[in-house]
Amino acid sequence: MNQWLKQHLQPLQMVLGRMRQNLLGTVLICCVMGVTLSLPEILYTIVDNLSQMTGSIESKPQLSLFLKMDAPSSTKDAIAEKLKKHPDIKTYEFVSKESAWEQFQQNAATADITGSLSKNPLPDAYFVTPKDIHPESVQRLQQEIQHWDGVDLAQIDANWIKRLDTVIKLGKKAIFVLVALLGFALIAIVGNTIRLQILTQLEEIEVSKLIGATNQFIRRPFLYAGTLYGLGGGIAAWLIVLAVVTLFNSSITQIADLYASQFRLSMPGLWVTLTMLISAIGLGWLGSFVAVNRSLAQIEKL
Amino acid sequence: MIKFDQVSKRYPGSYETIKSISFEINQGDLVFVTGASGAGKSTLLKMIAGLERPTAGTVLIGNQNVSQLKSSAIPYLRRKFGLIFQDHKLLYDRNCYENVALPLYINGVLGEEAAKRIRAALDKVGLLNKERSMPITLSGGEQQRLAIARAVVSRPAILIADEPTGNLDENYAADILGFLYAFQQVGVTVIIASHELPHSIPDNVKNILKQLHLQDGELSA
């Protein structure tokens with residue numbers, strides 16, 4: 001075990017020593033990887049924040065039935081009865097004009113407006129959740145209810161949320177494509193870097209092979225180098241995302257305050273951050289593995 | 001220990017470099033492989049050290065048939081040999097100590113044990129006071145001695161030197177050969193390739209020396 005550890009520590013120390021000697025080059029490679037990795041991470045951060053925002057709003061389609069202002073309570077009861085019996089309706093909820101007015105006054109976003117109104121302009125309303133949330137059947141239900149007695153307006157909510165949802169889904173797809181493309185780019189970057197390092201150490205590899213080094217022994221320092229580049233790139237990417245989020249938030253704060261919203265971009269969570277870091281390390285390893293194996297095969301042909 | 005039986009070697013697109021050679025080298029032998037340039041000396045040494053495989057015939061090294069070895073086993077075969085090259089093949093990006101350390105690291109010998117053996121090897125060739133020097137600052141003779149230190153540090157049973165004195169003047173050459181003879185004295189099999197036998201050979205060496213003279217890829221008496 002001790003021996004095994006030493007056999008790994010020795011090349012690791014050697015690689016770290018070389019990286020320290022060529023500090024500028026090492027930092028630049030990590031920066032290149034960091035920028036590459038940060039692109040999908042930034043997109044993820046934006047999409048994730050947007051979807052969290054929409055997630056806090058009910059994203060299932062709902063029907064709002066606004067009753068006529070002068071509808072008597074018998075009409076209200078009749079509608080309640082119809083809603084209860086309707087086969088396509090899952091749940092419904094009655095909100096009286098008084099309680100709606102109260103909520104309106106309590107909401108920070110609308111409190112300013114209520115102050116300037118002298119009387120309650122809100123109608124009684126039913127909020128209906130249909131069983132079948134398919135857009136077409138929701139629309140059919142809306143048209144049916146619109147013709148009921150005492151109903152002023154039957155409105156399908158959450159249309160804009162649905163649109164936003166589509167955009168977010170598109171964003172998620174874009175992340176996937178970006179991750180795939182940039183992951184490939186990353187393997188190429190690390191692979192090329194390691195390939196150049198192998199070229200400068202070709203002599204060492206040849207001599208090592210001549211005096212009985214296994215391929216494993218020759219690969220080890222390069223794999224460590226690739227892994228360390230991956231780690232450095234992952235950390236650089238995180239720092240870039242942190243900088244971008246901080247920069248954006250200073251502007252978002254101003255806009256959000258205008259809408260009395262607490263919305264801020266938040267950094268990716270611990271698990272996402274760890275996943276990104278581990279993927280960066282994995283890609284670094286993979287890049288160097290590909291490069292060193294190719295070079296070994298070429299050397300063996302000589 | 002080393003047995004060649006009807007061994008031939010042909011490089012792709014070339015005539016036969018080695019033609020059906022048979023000989024045997026025993027443990028503790030001192031063997032000179034002589035012959036003009038292009039006679040096949042280097043190829044022969046490479047086949048002994050497992051750097052090249054024969055095209056035909058069998059090469060047995062310590063009862064292992066080299067032709068039948070898996071390529072993953074070749075590195076372990078090579079570790080039995082200490083190799084000294086005409087062009088030293090030192091690594092010029094590291095100091096003497098680190099050059100000698102390489103075979104030990106490859107063998108997985110590290111730390112205190114490695115340091116002890118590296119210093120012992122450097123001491124043996126008289127370079128202990130230069131362990132921190134870079135090889136480029138050493139003279140030709142010193143570089144060859146460093147190469148010897150690297151070849152013997154992992155205590156190989158067989159020492160192979162390909163024209164170790166090729167680029168050296170006579171004094172240095174005698175110096176280097178002296179080191180190699182000394183290893184033979186302690187039981188190491190020593191195989192040296194050279195154009196011809198050295199001009200002056202110590203008497204105690206002369207008696208045990210074996211010569212394999214190559215001419216156009218064939219052994220001649």
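User: What is the order of the strands in the open sheet of chain B?

Analyst: In general, strands of a sheet pair through backbone hydrogen bonds, either parallel or antiparallel. Here four strands form an open sheet in the order β2-β1-β4-β5 (chain B), with antiparallel pairing. Strands (E, at least two residues) and helices (H or I, at least four) are DSSP runs numbered from the N terminus, and two strands pair if DSSP finds at least two bridges between them. This is a predicted model: local features need pLDDT of at least 70, side-chain atom pairs count only at pLDDT 80 or more, and totals for chains, interfaces and linings use all residues. Residues are numbered from 1 along each chain as its sequence is written, while chains are lettered from A and ligands numbered from 1 in the order in which they are written.

User: How many residues does each chain give to the contact?

Analyst: Residues are in contact if their C-beta atoms, placed from the backbone, lie within 7 Å. Chain B gives 15 residues and chain A gives 14. On the chain B side, α2 (74-78) and α3 (96-106) are the elements that give two or more residues, and α3(B) has the largest share, four residues.

Note on methods:
Contact = placed C-beta atoms within 7 Å.
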